[in-house]
Amino acid sequence: MRIRQRAVALYFIDKLALRAGNEKEEGESADTVGCCSLRVEHINLYPEKDGQDFVVEFDFLGKDSIRYYNKVPVEKRVFKNLQLFMENKQPEDDLFDRLNTSILNKHLQELMDDLTAKVFRTYNASITLQQQLKELTSPDENLPAKILSYNRANRAVAILCNHQRAQPKTFEKSMQNLQTKIDAKKDQLSDAKRDVKSAKADLKVRRDEKFKK
C-alpha cells in the first residue's frame, strides 16, 4: 500500500504540477494542503463525467490559501488505487495515510542525488514554457509580437502551476473603505437629484407666476 500511495502521489505531482505539501509559511494558520497531505474530502471520483472516463475532481486550498480546483481524467489503475485509498475512511482522514513529503523525497534521492518532488514542478513549468514559446513565436515577429507570445506562454505556465495572486492582508479593509466611498457618492447623487427636482419645481412656479402677470 505504501508503494502504491507513493506512485499515485508522484503521478499527480508530475502530471498536475501539484506541490508536494508541508510548505506552510511560519505563522500560517489556514487549512492549506499539498499532494501528500490531501484528505479524502479534497477529492471526488467519477467513473464517468462529461464524456470522460475515470475523472478525479480536486478542490482544496493550496499554498498561500489559493484554491486549487480541477477535474482531470486519470489512468484506470490510478483511479482504482484512489478508490482503495479511500475505503473505510472519513472525509477528514488522510488520503495518503502512509506517505509524507519526507518519505517521498527520501525515495527520490535514492534514485538520483538532490532529486525532490519540487524538481518535478520546476521541470514541468520550464518545459511548458519552452514548448509554448516554440509554438507561439516566430523569428520574423517584431518585438511587441514576441512580448505578447511570451506573456501567453507565461500564462500557460501559471495555469499549470495554479499561480494566482493572493489577496493582500489589507484586502478586506480596502474593500470596506471603497464601499464607504461608493455609499457616500450614492448619497451625493441622491442629494443632487433632489436638488435638480426642487430647482425644476421652483422654475415651473416662477414661470407660472410670470404668465399670470
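The legends below describe close-up views of a predicted model.

**View 1. Overall fold of the protein chain.** Residues are numbered from 1 along each chain as its sequence is written. Local features need pLDDT of at least 70 and side-chain atom pairs pLDDT 80 or more, whereas totals for chains, interfaces and linings use all residues, and side-chain values use heavy atoms, without hydrogens and water. The protein chain has 6 helices and 3 strands, taken as DSSP runs numbered from the N terminus (helices H or I, at least four residues; strands E, at least two). Their order along the sequence is α-β-β-β-α-α-α-α-α. Of the 213 residues, 28% are buried (under 20% relative accessible area with a 1.4 Å probe, protein chains only; exposed is over 50%, partly exposed in between).

**View 2. Confidence along the chain.** The mean pLDDT (the predictor's confidence in each residue, from 0 to 100) is 86 for the protein chain, with 90% of its residues at 70 or more.

**View 3. The largest nonpolar core.** This core has 33 residues; a nonpolar core is a set of buried Ala, Val, Leu, Ile, Met, Phe, Trp, Tyr and Cys residues joined through side-chain atoms within 4.5 Å. Phe12, Phe58, Leu82 and Phe96 touch the most other members. Two or more residues each come from α1, β2 (52–61), β3 (67–73), α2 and α3 (101–111), and α1 gives the largest share, 7 residues. Leaving aside residues up to four places away in sequence, Leu82 touches Val8, Phe12, Ile43, Leu45, Val56 and Leu95 (contact: heavy atoms within 4.5 Å).

**View 4. Packing of α1 on α4.** The axes of α1 (residues 2–16) and α4 (residues 117–136) come within 8 Å and cross at roughly 25°. Axes are lines fitted to C-alpha atoms, for helices over the stretch in contact, and angles run from 0 to 180 degrees between N-to-C directions. The crossing therefore makes α1 roughly parallel to α4 (angles under 35 degrees). Leu10, Ile13 and Asp14 of α1 meet Ala117, Phe120 and Asn124 of α4.

**View 5. Two loop residues with positive phi.** Asp50, in the loop between β1 (43–49) and β2, has a phi of about 55° although it is not a glycine. Asp50 counts as exposed because its relative accessibility is 60%. Asn88, in the loop between α2 and α3, is likewise not a glycine and has a positive phi of about 60°. Asn88 counts as exposed at 81% relative accessibility.

Definitions and conventions: Angles under 35 degrees count as roughly parallel, over 145 as roughly antiparallel, 65 to 115 as roughly perpendicular and the rest as oblique.
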